[in-house]
Amino acid sequence: MRLTLALMIFGGGIAQSSLAPVLQVGPVTPDIPLILTAFLGLRKGPEVGCLSGFATGLIQDVASGTFVGAQALTKALAGFGVGLLRGWFSVENPVVQVAGLVLLTLAEGILRFALLQLFHFPAEFAEMMLYVILPQALYNGFIGSAVTLALDWARARRSL
């Protein structure tokens, strides 16, 4: 189980650097590590969500060469927060998973923007929300829907 989790986290980091540019639509790329963090947090709980968010965010920080720690911190908090939803909602419902992913992407983007403002990041909130955070949230929701349908299809085939 731990090896599988480690491989998934490391694979998410590799997928972000290799697969995300292929899936890019205009200037918008999916945040594959955040999608992975959301699904792990929803299925395994806040601790696994926090750990996977921190690890995938740290890999993204190191790979991007920008401010190290911003994505690790925001994705860890996002993974922990989405993991807490397990007790409140039926997280097996695909609608909850996709809506949770969209809301999580919005919250993580806003939190990362606020964190970068502490270091005088030169961008306006409305501009970031309109051109970066909201399009990525919708795209992550689309990718999350496809992943959820694929997982449900695989689960149905396995039970036959």
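**Reading the model, feature by feature**

Guide: Arginine 155 has a relative accessible area of 38%, so this residue counts as partly exposed. Please keep in mind throughout that the model is a predicted one.

Visitor: Which residue forms a salt bridge with arginine 155, and how far apart are the closest N and O atoms?

Guide: In general, side chains of opposite charge can pair when their charged atoms come close. Here the partner is aspartate 152, and the closest N and O atoms of the two residues are 3.2 Å apart. Both aspartate 152 and arginine 155 belong to helix 6, which covers residues 125-159, and they sit 3 residues apart, or about one turn of the helix. Aspartate 152 is likewise partly exposed, because its relative accessibility is 27%.

Visitor: How many salt bridges does a search of the whole structure find?

Guide: The search finds 4 salt bridges. Among them is the pair of aspartate 31 and lysine 75, with closest N and O atoms 3.1 Å apart. This pair links distant parts of the chain, since aspartate 31 lies in the loop between helix 1 (2-18) and helix 2 (32-44), while lysine 75 lies in helix 4 (residues 70-84), 44 residues away. Aspartate 31 and lysine 75 are both buried.

Visitor: Which other residue forms a salt bridge with lysine 75?

Guide: Glutamate 108 does, with the closest N and O atoms 3.4 Å apart. Here too the pair links distant parts of the chain, with glutamate 108 in helix 5 (residues 94-117) and lysine 75 in helix 4, 33 residues apart. Glutamate 108 is buried, as is lysine 75.

Visitor: How should I read the way helix 1 and helix 3 cross, and at roughly what angle do they do so?

Guide: Two packed helices are described by the angle between their axes and the distance between the axes. For helix 1 and helix 3, the axes come within 9 Å and cross at roughly 35°, and the crossing is right-handed. On the side of helix 1 the contact is made by Leu5, Ile9, Phe10, Gly13 and Gln16, and on the side of helix 3 by Val48, Ser52, Ala55, Thr56, Ile59 and Gln60. Sorted by class, this contact has 6 nonpolar, 5 polar and no charged residues.

Visitor: Where is histidine 120 placed, and what is its phi?

Guide: Histidine 120 is placed in the loop between helix 5 and helix 6, and it has a positive phi of about 60° although it is not a glycine. With 68% relative accessibility, histidine 120 is exposed, because the cut-off for that class is over 50%.

Visitor: Finally, how many helices and strands does the chain come to?

Guide: The secondary structure comes to 6 helices and 0 strands, and from the N terminus on the elements run α-α-α-α-α-α. The radius of gyration of the chain is 15 Å, which agrees with a compact globule, because a globule of 160 residues would have a value near 15 Å. Along its principal axes, the C-alpha trace spans about 55 × 35 × 30 Å. Of the 160 residues, 41% count as buried. Among contacts in the chain with a separation of 6 or more, 66% are between residues 24 or more positions apart.

Definitions and conventions:
Residues numbered from 1 in each chain as written. Predicted model: local features only at pLDDT ≥ 70, side-chain atom pairs only at ≥ 80, totals over all residues. Heavy atoms only, no water. Salt bridge = Lys/Arg side-chain N within 4 Å of Asp/Glu carboxyl O. Helix = DSSP H or I, 4+ residues; strand = E, 2+ residues; numbered from the N terminus. Buried < 20%, exposed > 50% of the residue type's maximum accessible area, 1.4 Å probe, protein only. Axes fitted to C-alpha atoms, helices over the stretch in contact; angles between N-to-C directions. Left-handed = near helix turned anticlockwise from the far one by under 90°. Contact = heavy atoms within 4.5 Å. Nonpolar A, V, L, I, M, F, W, Y, C, P; charged D, E, K, R; others polar. Rg over C-alpha atoms; globule rule 2.2 N^0.38 Å.
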